[in-house]
Amino acid sequence: MEKHPGSLCINPHPLNIWKTQEVYSLRMLRSREKMERENMEEHNQSKKRLRVCVATCNRADYSKLAPIMFGIKSHPEDFELEVVVLGSHLIDDYGNTFRMIEQDDFDIGSKLHTIVRGEDEAAMVESVGLALVKLPDVLQRLRPDILVVHGDRFDALALATAAALMNIRILHLEGGEVSGTIDDSIRHAISKLAHYHACCTRMAEQHLIAMCEDHCRILLAGCPSYDKLLSTHHREDYMDIIKSWLGDKVQERDYIVALQHPVTTDIQHSIKIYGLMLDALLSFNKKTLILFPNIDAGSKEMVRVMRKKGIEQHPNFRAVKHIPFEQFIQLVCHAGCMIGNSSCGVREAGAFGTPVINLGTRQTGRETGENVLHVRDADTQNKIYHALELQFGKRYPCSKIYGDGNAVPRILKFLRTIDLDEPLQKTFCFPPVKDPISQDIDHILETQSALAIDLGGTNLRVAIVCMRGKVVKKYTQPNPKTFEARMHLILKMCTDAMRDAVCLNCRILGVGIGGGIIHHNELVHGSTFCAAELGHIMVSLDGPDCSCGSHGCIEAYASGMALQKEAKRLHDEDLLKVEGMDMKLSEPITAAHLISAARMGNSKADAILNKASTALGVGIINILHIVNPSLVILSGVLASYYQAPVQRIISERALLSAQSIKVVTSDLEEPALLGAASMVLDYATRRIY
């Protein structure tokens, strides 16, 4: 092609045009793939990192929160840590304890001065109000995914209130505990605001469930401070720490740690107890490390009492505002005794076996080890002095009621499972009440039902049973010979039933299997919902093998499967059939053939049935002697045969108190299936907390 000056030269060759387009398309494809990869990586990274805000209000809660903060900080690939400090941390009179947070190398995102001085009830209320005024700006700036709040302080209540109103998820530590005073009310209020719970003891977990909290959002973690104190309390330099606080002459287990806080619901009485404690300690004449009380209402008056008695100048006393937690652990661990009403006495001190004297009602209801001696009515100096004489210098077994040293890994694992896409609105698991007048279309269209399973000797049966006791649909299959095949078939039948339940507008609440004991019109479920395994009561030490792996169970003698096995044995030995007995060659041998043979004079069949009846009767007598019911109901195809022999055995062998109990057969159409279904329907619809 001829080229002219100022003209654009284009090669019209189609192959070159195609190659140019191919290269361009390839580059665009690679560019798009790169962008998608980068977006995916960015998405994964943002999805993995949970922004956790830990808010600490005082020296006590920091000892519980610090281990969690260290754990979060050590996993930057999973978490982003924000720290907010408020409350007495920022007050000089209480040691300016925010400095220990900085010494632990945590970046403090916000410091909020929220304490209104006065140390009375009004000042506490005003402090909560001041915190509520200042917190929204901080939370809006930090935008945490979850806020970690500890315990039962009024500062923590302000934190939880602000976070809940700003739609920030809350993890509450140490909820569900009971301790007395206003702390209980505050702690439970925070639990109701919180979305997730990490509690310390099994009892606390049960309290939260009883408070209608969702058990799926409750973690039984243990106390985080135990992670630190159990790993560090065996320090070789503990005597150096003790002497640095109490002098060179002090000996291990020859000093006292005292820590008493005001009781805000009875301030004057708590001040009186504090004075009596100081008088008793002065008389006891032992080196004493006494910590200033917390900032609750009444603390100012307690400090006045301490100074009036000259405690700060007394040679036996060392009064301090704050001790680093690691050193405080050593001091409590090796003390001759701890006295006061601090939660540390009933919690952490138990891990060391340190003797504790708990004064007053502030810790009433706390779970404690045997190391704690309560002086709840501490109304005289002599009573407290006598408690010191009893406790000082003793040693008790170490208690791990509040933790095993693995709380932090559990809490971090729990945090990783939090799904931020879940609805923020928390729900409560209230016990059932009277049905409301209003209705829901889904409830109108569906029927609450249960799957019932009957493991018969000949057949396996599964049924959909509705709340009214009607069998909506039933499935029957021959019972396979092997355990594996039997379990596979049960699962398949249940799967088929669940699928059909959807088409039948039946909502399956659960699956029921087994026998039952009814007490006061209630099914007895047992601790693991396995009560009434009546078929596996042993009636002989060396009886036939049972499917459960044991020997001599009722089931091994008297079940349909056991009788079928005996019938087949007689048949194989040509000892089953008698003259006049109708048996088809193609017909499978069952327990019915054994009963028929016995009724027609077969002595061997009759002997087998007598042994089975005796085993069943003896087993039922054992039950009668334990639970003393008013009636025995037999069900199933063998019930009519067993009724008379079992009644006779009871009248001959049972105690006089049980001989008159009647044995009847069920007249229900499907008693085994209905009984199994009732176990589910009863529990699912009438749960009692």
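Phe284, Tyr385 and Phe392 come together in one aromatic cluster. Rings of Phe, Tyr and Trp (for Trp, the six-membered ring) are taken to pair if their centres lie within 6.5 Å; planes under 30 degrees apart count as stacked, over 60 as edge-to-face and the rest as tilted. The structure is a predicted model, in which local features need pLDDT of at least 70 and side-chain atom pairs count only at pLDDT 80 or more, whereas totals for chains, interfaces and linings use all residues. Residues are numbered from 1 along each chain as its sequence is written, and side-chain values use heavy atoms, with hydrogens and water left out.

In total, six aromatic pairs are present in the structure. One of them is the tilted pair of Phe70 and Phe106, with 4.8 Å from centre to centre and 55° between the planes. This pair links distant parts of the chain, the two residues being 36 residues apart: Phe70 belongs to helix H2 (residues 59-73), while Phe106 lies in the loop between helix H3 (98-103) and strand E3 (108-112). Helices (H or I, at least four residues) and strands (E, at least two) are DSSP runs, numbered from the N terminus. Phe70 is partly exposed, because its relative accessibility is 34%, whereas Phe106 is buried at a relative accessible area of 4%. Here, buried means under 20% relative accessible area, exposed over 50%, and partly exposed in between (1.4 Å probe, protein chains only). Tyr641 and Tyr642 form an edge-to-face pair, with 5.9 Å between centres and 70° between the planes. Tyr641 is buried at a relative accessible area of 15%, and Tyr642 likewise counts as buried, at 4% relative accessibility.

An unreviewed UniProt entry carries the annotation "binding site" for His536, Cys546, Cys548 and Cys553. These residues span 18 residues in sequence, yet no two of their C-alpha atoms are more than 8.8 Å apart, so they gather at one spot. UniProt positions are given in the numbering used here, feature names are shortened, and annotations may be inferred rather than shown by experiment.

His536 is located in the loop between strand E19 (522-523) and helix H18 (554-558), and Cys546 is also found in the loop between E19 and H18. His536 is partly exposed, at 28% relative accessibility, whereas Cys546 is buried, with a relative accessible area of 10%. Contacts are defined by heavy atoms within 4.5 Å. With neighbours within four places in sequence set aside, His536 contacts Cys546, Ser547, Cys548, Cys553 and Glu555. Not counting residues up to four places away in sequence, Cys546 touches His536, Cys553, Glu555 and Ala556.
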